[in-house]
Amino acid sequence: KDTKLGKGEKTIEVEVKVEEQSVTFTIKTDKETLCDALIEHELITGEDGPYGLYVKTVNGMTLDEKAGNYYWAFYKDGEYLLQGVESTEISDGEHYEIVYERF
């Protein structure tokens, strides 16, 4: 269900989408990056990769590596993020989507 998390100066919305289901997290934070704000509330985990954090789990849902060719895609206001979550700086009022999708 949709959830409000945290206390801080900035408020962002993060919508997690898997197939036809979605849940929105309204996050209040003082963190500077999307990665730090999501980790602060245990919404993502992953492992270090060649381009930074490779997100494997979002909101408790882990990639099914046996299914192949799926990943967690990150969008800001409907546009695909070209940089990793670690380098995505956040500002008050922004909206992000994390989508389970095929390569």
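Q: What percentage of the 103 residues in the protein is buried?
A: Buried residues account for 40% of the 103 residues, where buried means under 20% relative accessible area, exposed means over 50%, and partly exposed lies in between (1.4 Å probe, protein chains only). Please note that this is a predicted model, in which local features need pLDDT of at least 70 and side-chain atom pairs count only at pLDDT 80 or more, while totals for chains, interfaces and linings use all residues. Residues are numbered from 1 along each chain as its sequence is written, and side-chain values use heavy atoms, with hydrogens and water left out.

Q: How many helices and strands are in the protein?
A: The protein has one helix and nine strands; helices (H or I, at least four residues) and strands (E, at least two) are DSSP runs, numbered from the N terminus. Along the sequence the pattern reads β-β-β-α-β-β-β-β-β-β.

Q: And how does the radius of gyration compare with the globule rule?
A: The radius of gyration is 13 Å, close to the 13 Å given by the globule rule for 103 residues, so the protein is as compact as a globular protein of that length. The radius is taken over C-alpha atoms, and the rule is 2.2 Å times the number of residues to the power 0.38. The C-alpha trace spans about 40 × 30 × 25 Å along its principal axes.

Q: What share of the contacts comes from residues 24 or more positions apart?
A: Such residues account for 45% of the contacts with a separation of 6 or more, a contact being heavy atoms within 4.5 Å.

Q: Turning to the strands, which ones pair with β9?
A: Strand β2 (residues 10-18) pairs with β9 in the parallel sense over six bridges, and strand β7 (residues 70-76) pairs with β9 in the antiparallel sense over seven bridges. Two strands count as paired if DSSP finds at least two bridges between them. Within these pairings, Val-18 has Tyr-100 of β9 as its bridge partner, and Ala-73 stands opposite Val-99 in β9.

Q: Why is β9 described as largely enclosed?
A: Six of the eight residues of strand β9 (residues 95-102) are buried, so the strand is largely enclosed by the rest of the structure.

Q: What is the strand order in the open sheet of three strands?
A: The order is β4-β5-β6, with antiparallel pairing. Strands β4 (44-49) and β6 (61-62) stand at the edges with a single partner strand each, so one side of each has no neighbour in the sheet. Strand β5 (residues 52-58) pairs with β6 over two bridges, and Thr-57 stands opposite Thr-62 in β6.

Q: What is Trp-72 in contact with?
A: Leaving aside neighbours within four places in sequence, the contacts of Trp-72 include Val-16, Val-18, Val-55, Val-58, Met-61, Leu-63, Ile-98, Val-99 and Tyr-100.

Q: Changing topic, how many salt bridges does the structure hold?
A: There are three, each defined as a side-chain nitrogen of Lys or Arg within 4 Å of a carboxyl oxygen of Asp or Glu. One of them joins Lys-10 and Glu-32 (3.7 Å, N to O). This pair links distant parts of the chain, with Lys-10 in strand β2 and Glu-32 in the loop between β3 and α1, 22 residues apart.

Q: Are Lys-10 and Glu-32 buried or exposed?
A: Lys-10 is buried, with a relative accessible area of 14%, whereas Glu-32 is exposed, at 52%.

Q: Which residue does Glu-47 form a salt bridge with?
A: Its partner is Lys-56, with the closest N and O atoms 3.5 Å apart. Glu-47 is partly exposed at 41% relative accessibility, and Lys-56 is buried at 18%.

Q: Where do Lys-76 and Glu-94 lie in the chain?
A: Lys-76 is in strand β7 and Glu-94 is in the loop between β8 (79-80) and β9, 18 residues apart. Their side chains meet in a salt bridge (2.8 Å, N to O). Lys-76 is partly exposed at 29%, and Glu-94 counts as buried at 14% relative accessibility.
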